[in-house]
Amino acid sequence: MADDAGSMPTTQSELAVRPAGPCAMVIFGAGGDLTKRLVVPALYNLASSGLLPRDFALIGVDAADLTTDQWRQRLAEMMQQSAKGGGEFSADGTNPEVWGMLSGRMTYLRGDFGEAATFTRLADVLAETARAYGTGGNVLFYLAVADRFFGPLTEQLAAAGLVDEQDGARWRRVIVEKPFGHDLASARALNTRLLKILTEQQIYRIDHFLGKETVQSIMAVRFANGFFEPVWNRDHIDHVQITVAETVGVERRGRFYEQTGALRDMVPNHLFQLLTMVAMEPPTGFDPDAVRNRKADVLNAIPPVQPSCAVRGQYGRGQVLDRAVDDYRDEPDVAADSNTETYAALKLEIDTWRWAGVPFYLRTGKAMRKRWTEIAIRFRRAPLSLFRGTDAVNLGPNWLVLQIQPDEGISLQFDVKRPGQGVTLAPVRMSLLYKDWFPAMPNVGYETLIYDCMIGDATLFQRADMVEAGWRIVQPLQEAWAVEKPADFPNYQAGGAGPAAADELLADDDGRGWRPINHNS
Ligand code: BG6
């Protein structure tokens, strides 16, 4: 037990977590990458930690001609491969008992998403599994498919009577993957289309950044401790930097990425989720709308970003870690004269009493120096009068850094007196790594999200208004970048920290500068 004398707090969470109630889960896109790499391993991890419903069935739907055994076999191979390659989901390999239990509840249904017959057969399979496994008629539909299927699939489900909750006698929920639209108009249209069929409470729009443990813990850090909140405002904070740097390029996703680019792919969704966690007011409770209302308030207080407050980039050849990387324009399925950005940086304002005048700088890029995700909060300088005549004027600023990837932790940079004669000051860093305090949990990042959907907790999912607010903020940029061709692409080297122009975004402001990527090394 922690006590006031400062002994080590207990490292084991004592939260009472129970298995979710009875349900079946239907995955559309059962043969896809997302299912194999993330959704099924997450189900395995839930099963292994006793959180999967005891009365559970998993139905995979896809167009490929597979039997249930072949589908199970493919998933099992993927699990083995992943375990060998460093235990992405399970540090000590797959436990045969847990896998046996999970795979024994799987059924594969071959079917075209556009054909009504697929859904009639699905209704039969669901009725059978409800009888065989006692799922109580509750169903979670997971749309792990390309976004063009979101609307039609939901309509087919409705036509087959599969989303009807029969006045609360059972629940039917739909998880919708990213991307939710590609701009404000398409997101609105998709919301309207889905909301004709489903209630908002039935729709779970996923942003997988919210499944990351450290992202969820931002609220705990801010609101469970007495000393952050009093300084968490414009009186004490100079600015905030949010960085999501990736080492990967576009890999096999050239076709998708050409249509998408860094702004759409990362900013209105993942980066804005990080931003709302940092900037939101304390919610009045943990119920989904209490939290989401406060997050929506933040997005609604951000004026649309003008092109003069943003910088885009595209990588040219270089070296990322020990890998030689070609120009983005030489990647498979990428146009030789592509204008798609692989990097975006933005300066945002939040027009509230708490944040007026505090810039939020956001940046994200592919083929960067290091995989590095952090939220860095820079505090205002202390008055220096006491240290006039010393080297204090050269002091580094005070930073609080919430580190999300690759290591999860928190650090605080501040100044101390250097030991010895005279007054010379030096910046030091106090760091905490979560892994030093808590046992590592096998986690692919989807466990919490799937579990929450099963128990009907939408706190970590995006509401219609939040998605639309995100797109509204970036709309002027999307419009400008679509018509103004960048003259200087490629403008950053693979393995670097992004285009030089992004430095100017901050340099104009009171000598601020981006933090180095990979700050701890
Ligand atoms: C996805 C983007 O949503 O997030 C990818 O489409 C990106 O381009 C990925 O690489 C990053 O997620 P993570 O969890 O690997 O940081």
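This is a predicted model: local features need pLDDT of at least 70, side-chain atom pairs count only at pLDDT 80 or more; totals for chains, interfaces and linings use all residues.
Residues are numbered from 1 along each chain as its sequence is written, and side-chain values use heavy atoms, with hydrogens and water left out. A cavity is a set of points, on a 1 Å grid over the protein atoms alone, where a 1.4 Å probe fits but cannot get out; lining residues have an atom within 4 Å of a point. Volumes are the space filled by probe spheres set on the points, which are joined across faces, edges and corners.

Of the 14 residues lining the largest cavity, Phe180, Asn269, Gln462, Val467 and Trp471 are the closest to its centre. H8 and H12 are the elements that give two or more residues to this lining, and H12 supplies the largest share, three residues. Helices (H or I, at least four residues) and strands (E, at least two) are DSSP runs, numbered from the N terminus. The lining comprises seven nonpolar, three polar and four charged residues, where Ala, Val, Leu, Ile, Met, Phe, Trp, Tyr, Cys and Pro count as nonpolar, Asp, Glu, Lys and Arg as charged, and the others, Gly among them, as polar.

The structure holds two cavities of 30 Å³ or more. The second largest cavity has about 40 Å³ of space, and its lining has five nonpolar, four polar and no charged residues. Helix H7 (213-223), strand S15 (399-405) and strand S16 (409-417) each supply at least two of the lining residues.

Helix H8 (254-279) and helix H12 (464-483) are the elements giving two or more residues to its lining, with H8 giving the most, six residues. Among the 14 lining residues, Thr260, Arg264, Glu341, Trp481 and Ala482 lie nearest the centre of the pocket.

H8 also packs against helix H9 (residues 288-300), at an angle of about 105 degrees and with the axes 9 Å apart. Axes are lines fitted to C-alpha atoms, for helices over the stretch in contact, and angles run from 0 to 180 degrees between N-to-C directions. H8 is therefore roughly perpendicular to H9, a term covering 65 to 115 degrees. Contact (heavy atoms within 4.5 Å) is made by residues including Phe272 and Leu275 of H8 and Val298 and Leu299 of H9.

Notes: On a 1 Å grid over the protein atoms alone, a cavity is a set of points where a 1.4 Å probe fits but cannot get out, and a pocket is an open set with protein on both sides within 12 Å along at least five of seven lines; lining residues have an atom within 4 Å of a point. Angles under 35 degrees count as roughly parallel, over 145 as roughly antiparallel, 65 to 115 as roughly perpendicular and the rest as oblique.
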